[in-house]
Amino acid sequence: MEVTEEMIKHVAILSRLEFKADELGEFTSQMGDIINMANQLAEVDTTGVAETAQVVDRDTTFRDDVPEHWQDRDTMMKNVPEKANGFIKVPVIIDKDDND
Amino acid sequence: MNFKSTIGFEVHFELKTKSKIFSPSPVTYGAKPNTETNVIDWGYPGVLPSVNREVYRLGIMVALATNSHVLPVTHFDRKNYYYPDSPKAYQITQFLQPLARDGYIEVEVHGKKNRIGIHEMHIEEDAGKNTHGTNGFSYVDLNRQGVPLLEVVSEPDIANPEEGYAYLEKLRQIVQFTGASDVKMEEGSMRVDTNISIRPVGQKALGTKVEMKNLNSFEHVRLSLAYEEKRQRQVLLSGGRVQLSTRRFDEATGKTVLERVKEGDADYRYFPEPDIPPYHIKDAWVKEIAASLPKSAADRFADYTGKFGLKPYDANVLLQTKESSDFFDAAVAAGADPQLAANWMNTQVNGYLNDNRTSLAEIALTPAHLAEMITLIKDGTISSKIAKKVFAETVTKGTSPKAFVEAKGLVQLSDMSVLTPMVKAVVDANPQSVVDFKNGKDRAIGYLVGQIMKQTHGKANPVAVNRLLNEELQNR
C-alpha cells in the first residue's frame with residue numbers, strides 16, 4: 001500500500017496535528033514503512049483460522065453496577081493546562097456559523 | 001415538481017445506571033464539574049475498561065419493548081475523533097455488531113396507524129459536556145464522559161414531520177415505561193438527532209441527507225424538519241444540489257443553519273476495540289429480562305379504560321409518566337377505588353406537584369395514604385371537603401389520613417339522631433326560609449345547609465343534611 005502526501009495531510013487534519021511543510025516528506029515515508037511492516041501479517045497463511053477482534057482469551061466479562069470514587073478532581077486535573085471553577089478551559093470549540 | 005421526504009431519527013437515551021459503562025465512576029445528575037471521573041474515563045495509558053452488566057440489561061429491555069432482535073454476539077468498536085469533550089480521542093461504541101436489530105414501533109397520526117422500523121440500537125459511551133463562553137473559551141466537564149447511552153436508529157420510514165413527532169412521542173413512552181432511562185430532554189437523558197432528504201416523486205434513489213443534531217424539544221424537531229423540507233425543495237428547484245452536511249436549528253429565527261460539512265464514516269477510522277472482549281448474549285438471559293419487563297403503557301391504557309372504566313383522557317393523564325402510573329397502580333392495589341384515585345391523582349396531586357414544582361418521589365404522600373383517604377371518603381367517614389384538609393396534611397407531613405381524621409375529630413357527622421333535631425331547630429329559627437322555599441326559591445335550602453355546617457364546623461354529612469332539610473321543609 002502506497003502512503004501518499006495527501007493521505008498524511010488528511011490524517012493530520014483529522015488528528016488536529018500541525019507540522020511544517022518540509023516535514024511532510026519524512027512523515028510520509030515513515031508512515032509508509034510502518035504500514036508496510038504491518039502488512040507483513042498478510043503473508044501469514046490463515047487458512048482455517050477463525051476471524052476475531054481480539055487475541056486474549058476472554059469472553060462476556062461483566063462488572064456489577066456499583067459506583068466507586070477512585071480519583072478526586074485535583075488528582076485528575078493535575079495535567080490540565082488551564083482550568084476555571086473546576087472546568088477544563090479550552091479555546092472556544094463551537095464551529096463558526098456558515099449561514100447561507 | 002413534487003417531492004417526497006424521507007426522515008430518519010437517531011435518538012440517544014442515557015441508561016439509568018449508578019455507575020458508568022466502562023468504569024465504576026458514579027453517575028449523578030448535577031454533580032460538581034469533573035468530580036465523577038477516573039483514569040479509565042480519561043483513557044490513561046494502561047487502564048482497562050470493563051463493561052457494566054446493567055447497561056446490557058437495560059438496553060435489552062428497550063430492545064424487547066421495541067420488538068427488536070437481540071444479537072447473540074456483539075462487540076465494541078473504537079470511533080476515532082479529536083475533540084476536547086473526550087480526552088481519549090475516541091469513543092467506544094458498537095459499529096459492526098450492535099446490541100439489537102430489526103425492530104419496529106407503531107404510531108398513529110390522524111387516526112392512521114403506521115409501523116416505523118427500527119434499524120438497529122447499540123450501546124456506547126457519552127462524551128463530556130462543553131459550555132461555550134463568550135470570551136473565546138469553552139469549558140469542559142467530563143462527568144458525562146462514559147455515561148452509558150443507548151442509540152436507537154430508525155429506518156428512514158418516516159414520511160413527514162408529523163409522523164416524526166408521533167414516532168418520538170411513542171419511542172419516549174416505550175423507553176420510559178421500561179424504566180431504562182429518565183427520558184428527560186431538558187436534562188439530556190433523551191437527545192434527538194434527525195436526518196431528512198427529499199427526492200422527486202418517482203425517483204428511486206434517496207436524495208442527499210442533511211442531519212440536525214441535539215434538538216431541544218419535539219416541537220423543534222417538527223419545525224426544523226418542516227423548514228428543511230422547504231429549503232431543500234428550493235435548492236433543488238433552483239438547480240442546486242443539497243450538500244451532505246450537519247445543520248443546527250436556530251430557535252430565534254426558526255431556520256436551520258449550516259454547521260459543518262459532514263465527515264464520511266471512513267474518517268472515523270473505526271476498528272474493533274482491543275481492550276474489551278466480545279459479548280455472547282445467552283437466550284436464557286434475554287428470556288429472564290423479558291419476564292421482568294414492566295407493563296407497557298399500551299397495556300396499562302387497556303386496563304385503565306377497560307377494567308377500571310376510566311375515560312381515555314384520564315387514563316392518558318395518568319400515563320404521562322411511569323411514576324404517576326406506578327403511583328396510581330399502587331394506590332389501587334392498596335384498595336383505592338380506581339375512578340376516585342384517578343380523579344385525585346389528576347387534580348389534587350398533580351396540582352400540588354405543579355404548584356410546588358416537586359415530584360411524586362419527593363412528596364410525603366404514599367400510594368397507601370391515597371388509598372386510605374379514598375376509602376374514608378367512600379365509606380362516608382369524611383366528606384370531599386374535609387378530604388382536602390386531610391390531603392394538605394398528608395402530602396406535606398406524611399400523616400396517616402385515618403390517624404389525622406381521628407385525632408382532629410374530622411369524622412363526618414352522619415348520625416341521624418343528632419342531625420334531625422339540629423335541622424328542626426334551624427328551620428324553626430328561620431321562618432322566612434320556609435316561605436322562600438314554598439315560593440320555589442332554591443337558595444333558601446343552601447342558606448340552611450350553611451347554618452348547619454357552621455354549627456358542626458363543616459363536619460355534617462352534606463348529603464344527609466340536604467335530604468333532611470328537604471323533608472322538613474316539605475312537611476311545614
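The questions and answers below concern this predicted model.

Me: What is the radius of gyration of chain B, and what does the globule rule give for 476 residues?
Reply: The secondary structure of chain B comes to 15 helices and 16 strands. Chain B is more spread out than a compact globule, because its radius of gyration lies well over the value of the globule rule. The C-alpha atoms fill a box of roughly 95 × 60 × 55 Å along the principal axes.

Me: Among contacts in chain B between residues at least 6 apart in sequence, what percentage joins residues at least 24 apart?
Reply: Of the 476 residues of chain B, 39% count as buried. For the contacts in question, the share that joins residues at least 24 apart is 68%.

Me: Which strands stand at the edges of the open sheet of four strands?
Reply: The order of this sheet is β2(A)-β3(A)-β9(B)-β8(B), and the pairing is antiparallel. An edge strand has a single partner, so one side of it is left without a neighbour in the sheet. The strands at the edges are β2 (83-84) of chain A and β8 (129-132) of chain B.

Me: Which residue of β9(B) stands opposite B:His132?
Reply: Strand β9 of chain B covers residues 137-141 and runs antiparallel to β8(B). Four bridges join these two strands. The residue opposite B:His132 is B:Ser138.

Me: What is the phi of B:Asn67?
Reply: B:Asn67 is placed in the loop between α1 (53-65) and β3 (69-70) of chain B. With 16 C-beta neighbours inside 10 Å, B:Asn67 counts as partly exposed. Its phi is positive, although the residue is not glycine, and is near 55 degrees.

Me: Which residues does B:Glu211 touch, not counting residues up to four places away in sequence?
Reply: B:Glu211 belongs to strand β12 (residues 210-215) of chain B. Because 19 C-beta neighbours lie inside 10 Å, B:Glu211 counts as partly exposed. B:Arg248, 37 residues apart in sequence, is 8.3 Å apart in space, C-alpha to C-alpha. The residues that B:Glu211 touches are B:Asp193, B:Asn195 and B:Thr246.

Conventions. Residues numbered from 1 in each chain as written. Chains lettered and ligands numbered in written order. Predicted model: local features only at pLDDT ≥ 70, side-chain atom pairs only at ≥ 80, totals over all residues. Buried ≥ 20, exposed ≤ 12 C-beta atoms within 10 Å, placed from the backbone. Contact = placed C-beta atoms within 7 Å. Pairing = 2+ DSSP bridges. Rg over C-alpha atoms; globule rule 2.2 N^0.38 Å.
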